Amino acid sequence: MPSKTETLLSLLNGQPVIPVLKIANIADAVPLARALARGGLPAIEITLRTADALEAIRLVASEVEDAIVGAGTILDARQFGEAAAAGSKFIVSPGITRELLAAAKDSDVPLLPGAITPGEIMAAREVGLRFLKFFPAEQSGGIASLKAFASPLADVQFCPTGGITGKNAADYLSLPNVICVGGSWVAPDDLVKAGRWDEIEALARAASKLGR
Ligand code: 3PG
């Protein structure tokens, strides 16, 4: 059985962009996940920012064969457990807490926690984490900060999210310590609301080719 780090590596290596989703209407979850998978982005992060998020994860996990559904905006151990039980294949959190690390240690589901300072990154390294979310990327020094981390923190790779768009994603992806990026731009609220799945598929297809 692959280790959690190996599982996370193959997941993050698998596509340049992980869509970050906020499901306001439960009926959107399955067609949205299908459109993104058709466009070449099967791994998606459904954030726990809406009431239906856990149900959305459950539905996508059971109904969209191609999808690799993860949970985002996980803030504590309770949410970690609920997201894992709903079928999440990976868990993303905006930062690192002791409680979250303990929950992750007891679970087979890999955690991608956020870190933005050298101290946070070093603390994550100490517990064996090698892949981290860099959030909020644009507000935290963006490309310049990641470039500065590359030499002193050479064995850590990042998935920057927050302010990444089709315009700057390729620049992030060109950095040696960026394994993939995350963002909501591939599933804009207005297109989701209008059920314009073909347009979302096209956005996903363009994103899936970035940095390749
Ligand atoms: C996240 O949680 O990763 C971010 O909120 C996504 O940020 P974006 O909406 O700026 O892409």
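Reply:

Helix H2, residues 29-38, and helix H3, residues 53-63, have axes that come within 9 Å of each other and cross at roughly 55 degrees; here the axes are lines fitted to C-alpha atoms over the stretch in contact, with angles running from 0 to 180 degrees between N-to-C directions. That angle makes H2 oblique to H3, since angles under 35 degrees count as roughly parallel, over 145 as roughly antiparallel, 65 to 115 as roughly perpendicular and the rest as oblique. The crossing of H2 and H3 is right-handed, meaning that the near helix is turned clockwise from the far one by less than a right angle. Helices are DSSP runs of H or I with at least four residues, numbered from the N terminus.

This is a predicted model, in which local features need pLDDT of at least 70 and side-chain atom pairs count only at pLDDT 80 or more, while totals for chains, interfaces and linings use all residues. Residues are numbered from 1 along each chain as its sequence is written, and side-chain values use heavy atoms, with hydrogens and water left out.

In the contact (heavy atoms within 4.5 Å), Ala 29, Val 30, Ala 33 and Arg 34 of H2 meet Ala 56, Leu 59, Val 60 and Glu 63 of H3. The residues of this contact divide into six nonpolar, no polar and two charged, where Ala, Val, Leu, Ile, Met, Phe, Trp, Tyr, Cys and Pro count as nonpolar, Asp, Glu, Lys and Arg as charged, and the others, Gly among them, as polar.

Technical notes:
Helices (H or I, at least four residues) and strands (E, at least two) are DSSP runs, numbered from the N terminus.
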